[in-house]
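Work through the exercises below with the sequence and the model open. Each task is followed by a solution in steps.

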Amino acid sequence: MRKQLTIGLFGFGCVGTGLYQVLNQSNLLDAKIKRIIVKNKAKKRIIAAEHFGYEASEILNDSEINVVVELINDSDEALIIVREALAKGKHVVSANKKLIAEHLDELIDLAKQNKVSFLYEASVAGSIPILRNLEEYYNNDTLSSVQGIVNGTTNYILTQSNYGVSYADALQKAQELGFAEANPTLDVDGFDSKFKLVLLIKHAFGLSILPENVFNYGIRQIKNQDVKYASEKDYRIKLFARAEKIGDKIIGFVAPHFIKKEHVAYQVDNEFNAVIVEASFSDRQLFLGKGAGSFPTASAVLSDISALQFDYQYEYRKSDKESNTEFTEDFYLKIYLASSDVDALKTIPFAQIDEIFQSKGYNYQTGYVKFSDLSKNNFNDLEKLFFAVLPEPFLNENEIVNSKQIKEDLINEIV
Ligand SMILES: NC(=O)c1ccc[n+]([C@@H]2O[C@H](COP(=O)([O-])OP(=O)(O)OC[C@H]3O[C@@H](n4cnc5c(N)ncnc54)[C@H](OP(=O)(O)O)[C@@H]3O)[C@@H](O)[C@H]2O)c1
């Protein structure tokens, strides 16, 4: 039976106003927003002042409100709100990936104890319905990987760089268009993608992992030469969040990747996101859509609210089935490592070097490195270096030993 939903909304910014509008336009739902809590009393709003309040307790202590929709931009405050709402027996819908990735297990337990739902589809890849699909559709098919472009800001910047726009100019353009925050660190250093990856890993593989244990590297150090290298090889650089099953273990990280022309993500440009799921029976599938923005994100929030009408909740069945699954950094991947300073390339030990190029102001080498040697470094702070993952397969220790071959004769020198 459909449930009557009375909503208390926290936040009336980009997503909150979008939700208000889409909810008004959707007459399929038996849901109404009773109260909206915001922060800034002086701000002009698109609806009358009587709808707004400034004290969380107005929603949290209102027994008629059975759904809290949390859409604020402060994850510490959001945690306090979400905890209290769940503890008071209210269903919660949130889009705050940082908060959820950092506190997921605690919030799942709290929701279970209080017999309420905690849904957060909008927190991963905006409008793309990936979490519920991983939960339901892929529950009986063995997943081997979930990966893709889950941050629209960096994808926009990288798309511009393909047209010869420098990183700094592309970032400025993204900020002018409202795609990037004034402080873009969470996006451009890959943190935002990592928070989303943590949630993808939980729903795809049942594994709980804290963001601090997942390596993330973004796009801040990318140079025109790196983009040129990519285009000469018919690649495009994309920031990929990548989770894969290797044997019975899971790997996961965020880093720039060279994507081949034939790959489904090659043409995914600007603020679009793409999630690629590989499974035993269904093979490879692509989810494509807008990863951010007022209406696209609000549509995912609306879908969660709609699911609440039928008491939907994530079951986390894979967490029960695969509770022994381990996360590992023990594998080799082929990378391109570039720097203006040839000595800086020695920062990372290569297990196998395939190509070396040296010139004044631009040096690179390609080859296999052990992931744990890479992830020891905080690459976002290594200003002189840029690395990106090449499209060759990951290898294990045995495969590396077998193929070890240092091709020093490939040194090219341009003076
Ligand atoms: N924007 C997107 O495309 C997008 C996509 C996916 C997920 N998300 C997530 O959605 C959430 C909202 O993002 P947004 O872009 O809509 O943010 P936003 O435009 O910056 O709006 C934030 C809203 O939160 C309110 N707020 C801040 N602190 C508050 C507090 N302590 N109590 C009550 N209200 C408070 C602000 O109030 P005032 O209006 O008074 O300033 C504002 O209305 C974030 O978690 C974000 O990560 C956003």
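**Exercise 1.** Does lysine 376 count as buried or exposed?

Solution. The model is a predicted one. The relative accessibility of lysine 376 is 67%. The cut-off for exposed is over 50%. Lysine 376 therefore counts as exposed. Its side chain meets that of aspartate 373 in a salt bridge, with 3.0 Å from N to O.

**Exercise 2.** Find which residue forms a salt bridge with aspartate 189, and state where the two partners lie.

Solution. The partner is arginine 220, and the closest N and O atoms are 2.8 Å apart. Aspartate 189 sits in the loop between helix H8 (185-188) and helix H9 (191-205), while arginine 220 sits in the loop between strand S8 (215-216) and helix H10 (224-232), so the pair ties together parts 31 residues apart in sequence. Buried means under 20% relative accessible area. Aspartate 189 has 4% relative accessibility and therefore counts as buried. Arginine 220, with a relative accessible area of 28%, is partly exposed.

**Exercise 3.** Describe the salt bridge between lysine 32 and glutamate 64, then its surroundings.

Solution. The closest N and O atoms of lysine 32 and glutamate 64 are 3.5 Å apart. Lysine 32 is in strand S2 (residues 31-37), and glutamate 64 is in the loop between helix H2 (57-60) and strand S4 (67-70), 32 residues apart. Lysine 32 is partly exposed at 39% relative accessibility, and glutamate 64 is partly exposed at 41%. A network of salt bridges links Lys32, Lys34, Asp62 and Glu64.

**Exercise 4.** How many salt bridges does a search of the whole structure find?

Solution. The search finds 29.

Methods:
Residues numbered from 1 in each chain as written. Predicted model: local features only at pLDDT ≥ 70, side-chain atom pairs only at ≥ 80, totals over all residues. Heavy atoms only, no water. Salt bridge = Lys/Arg side-chain N within 4 Å of Asp/Glu carboxyl O. Helix = DSSP H or I, 4+ residues; strand = E, 2+ residues; numbered from the N terminus. Buried < 20%, exposed > 50% of the residue type's maximum accessible area, 1.4 Å probe, protein only.
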